[in-house]
Structure formats: C-alpha cells, structure tokens
Amino acid sequence: MEPVIPMGGRISGPRLAVMLGSWRQGGSRQGATDLAAAIELQVLDGQLPLGTRLPAERELADALGASRTLIGAALDRLRDNGFVASRRGAGSWIAAPGRRRRSPLAPAGDGSIDFTHASSPAIAGTAAAVDAARVRLADHLGDHGYQERGLLGLREKIAQRYTERGLPTTPAQVMVTNGAHHAFVLVLRMLAGPGDRVLVEQPTYPNALEAIRAAHAIPVPVALDPAGPRGWDIAGIDAALRQANPRFAYLVVDFQNPTGLRLDAEGRERLGSVLARARTPVVVDETLAELDLEGDPLDGPPPLAAFAGDLAICVGSASKTHWGGLRLGWIRASEDLLGRLVSARYAVDLGSPVFEQIVLAELLDDPGALVRRREELRGYRDALARSVHRHLPEWTFTLPKGGLSLWCRMPEPVSSRLAVAAASHGVQVAPGSRFGVHGGLERWIRLPFSLPPDKIDEAVRRLSAAAASVSGTPASLDAPIA
C-alpha cells in the first residue's frame, strides 16, 4: 500500500481511483453526484487531508473511465459544498473544513442521532466512586503524582482479573495507560517503524489503522468470515505471517470490532501456536472482553496470551465497560517488555492521571455494576436487532454474543453513499469502508447498540428512509423526521 498522503501533497488519478473503489452507484444520470459523494466521504474519513492537490480533470477522467463533463460537474458540486477549492492555473485541492457550507456527515441539528460511537454513558455508580475517590486522594497528595506504571492498587485489581480469566498475572506485568488506543500507540512506536508491516484483521478497528498509517507502517489484512464456523482464517494468518513477515500482529479476538465475532479456545490455541512458530509478537485488543452478553466473562475462553506466551501484549480499557470519559486503559505484558515500554513512554507522556485511577479502582470494587451493564446492553442489542428486522428486513446480520455493535450486510454495495444520505435524515453512521484497510466493504455497515431502545428504533427508522433514497425506492421517503 502506498503511504498516507502528506498534508498539502498531491494524489494521482490512478491512486484516487483505487481509493474511491466502486463509486458509481446511480447510473450515468447520477454519476457526478456519486463521484462527489465518494470524494466527500474520503475527506471526512481523513483519507484526503486538507490541502491535498487533486489530479487534473483529464487525468482523473482517464483514471475513472468517465467523461470530463462528469468530472467537471462533480468538482462543481464539491466546490459548492466547500470540500474543494480551485484557482485558475493552480488546479484544485481539498479545502479547509471551516470553508464547507455543510458537511453531509455533520450533525443535522439538535435532533441528530449519533450512530457512530459504540460506547455508552457512564456506568451506574460513577458519581459515588468519584465521591469516594475524593477522600482517598488525600493519601496521594503528599507525593509527586507521577506514576509511569500506574497506581499499585489499580494494577493489582487488573492483574487479579487476568488471573481469574485464566492468565496468571502480577501487578509488575501491568501498566496503566490513557486508554487502550494510547496503549496500542505506545506498543506500535516501540515495535514498528516506517515501512514495517503490521498484520490486521479485515475488517478491523479504524483508529488502529489510522495509528499504523501515522507511523508510516503498512497494515497487512487477513479477511474475517462473519458467516464461517470460527470467523478467523488461521491458515490465512499463518500464510500471511510467512509471506509478509510483519513486525507484529494486531488482533481483536473477543467480540471483534466491528463484527462481534469471538474466537473459541481451540482457535486461540491454534492461533497461539501459529504466532509462536513465526515468533511474531501480537497485540491483543481486549477492550470488549468483559462485555459478554450471554454469560459470565470468566466462563469464556482464556485470553489469547495464555496460548501465545510472552509474545502476546494485551491492551484493555475501561472506556467500553465503565466510561470513555475516564480515559484509562492498560497494557499486560512480560516484565521485560513492560520495562522497555515504560522507557519508551517518556517520549509520549509521564503517566496517567492519579484521580481517575482512584475512581476506576473504586468502580472495579463493585462487580455487580458491570453485571447490570451487561444486562442493559443485552436489552439494547435485542432492541436493535428487532428494529433492523422491522425497518430494514433485507439487511442480514449474525447476532453477536457480546460487544457493542451489529455488523450488517446490505443487499447493495451502497455503504458510503448511505452514510452521506443518512446525515440529511438526521442520523450519523460509519460506513463499512472505515473498517477496511483499503476501503471497500460497501455492502457492510456497523450499527452500535449503546443507545436506549427508543433512540435505537428512531435511528434505524431514519436509516431506513436514507437507505430507500439511496436505492431509489420511494417507500419510506415521506416518513416524518422527528
């Protein structure tokens, strides 16, 4: 894959054509609209940074197999919407967001529903934990406040949970971070550099892909099969490890984001053997591991690190289970590797906030709160499944046993166009292309179930109206938008 376009750089016609993929959806009459919408979405996804110079009309027309008239009309539409600026003799480039009249994915007023974030409000008991933490904070005010590994009490609780799940762990093997994404970036900076390959699932977590690209590393995808017996193509991972020789792998084996898949114990044992044979480190994102909606997480398969040994680096987070506002996560690794990570961390930050760590430690003392959270999310998941069946009966999905989202397959490859159209119907969604290494995944879309059932049903109803407008079916276009 070519490197990320630098701010102010130029993109060639052939490369832009590959990035846009199957952009033509509505036939020749809507070609300019389709092309403009596809380019807009790449801007909104950050794939076409501010100042990127676009190819000349003739070059783009040749690359896309389209007429110059169509290209000119699409650019006119992009200029009208503020996405593109042009000057005679200087060509066209991606404009600053502030110059847009209105982003098609921007909130459509106060009534817009955010269906992009798979995260819930603060867990019950957070305010009480804050009050208790205020009292305990006095014990820490006499020291310097810098805790590069994190508070011992919190690390003990995290280590105990790993041990209970089948992976014996000591507090010395745990480092508190500013969220799981921060943890991943720390590991990424230490293990990979420009040009290095990182094996990932396809689809996968978009922010991990952005971090890999920002490090000028190259994500190497191995496709998941949501309908398969196990989901993970372990033979394909084995082949990719041998052929691509990645510096490390990034995997989400517990209620994978976005598919909701979970790898069973036998699969983890096989995967651990494959990674050990290749001597490939693996970053295991366990952000959703505790959100088992069908049973106790302790009854689930042991962590992948129980099979991969010291090659495995686990990252976790309180963002999905308790509250994203805490901005706390952790790394579980061997003491040797964790020591190297602590040294590398000084180039990024000097530790996580003490007060928030005290709050999280208080929350972890109440396991019943997480049980209630899982019960709540199970109801939200079932409500979303009913709403999709009711309003979008042609969409299909496998009901996940945990996590925070449905990965829905649509009858037509219109995910990117649907994301643009949905905004005008008052609902924000993330298209399937966000979760792909090279975009694509146009038949797929992720729908989170982190909202209350009434909001979920309204969001899906609006999404149904947007889907009808994209497919050209007028059935629900006259439905009122609250």
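I took two strands as paired if DSSP finds at least two bridges between them. Helices (H or I, at least four residues) and strands (E, at least two) are DSSP runs, numbered from the N terminus.

I worked on a predicted model, in which local features need pLDDT of at least 70, side-chain atom pairs count only at pLDDT 80 or more, and totals for chains, interfaces and linings use all residues. Residues are numbered from 1 along each chain as its sequence is written, and side-chain values use heavy atoms, with hydrogens and water left out.

Entry 1, the sheet. I found an open sheet of 4 strands in the order β3-β12-β13-β11, with mixed pairing. Its edge strands, β3 (113-115) and β11 (405-409), each pair on one side only. I noted 5 bridges between β11 and β13 (residues 444-448), in the antiparallel sense. Trp407 has Arg446 of β13 as its bridge partner.

I looked up residues 57-64 and found Leu60, Ala61 and Leu64 buried (under 20% relative accessible area; exposed is over 50%, partly exposed in between; 1.4 Å probe, protein chains only). Seen down the axis of α3, the buried residues fall within an arc of 100° (taken from the directions from the helix axis to the C-beta atoms), so they line one face of the helix. The face turned away from the buried side of α3 carries the exposed residues Arg58 and Asp62. Just after α3, Gly65 takes a positive phi of about 65°.

In α5 I recorded Thr126, Ala129 and Ala133 as buried. They cover an arc of only 55° around the axis, which puts them on the same side of α5.
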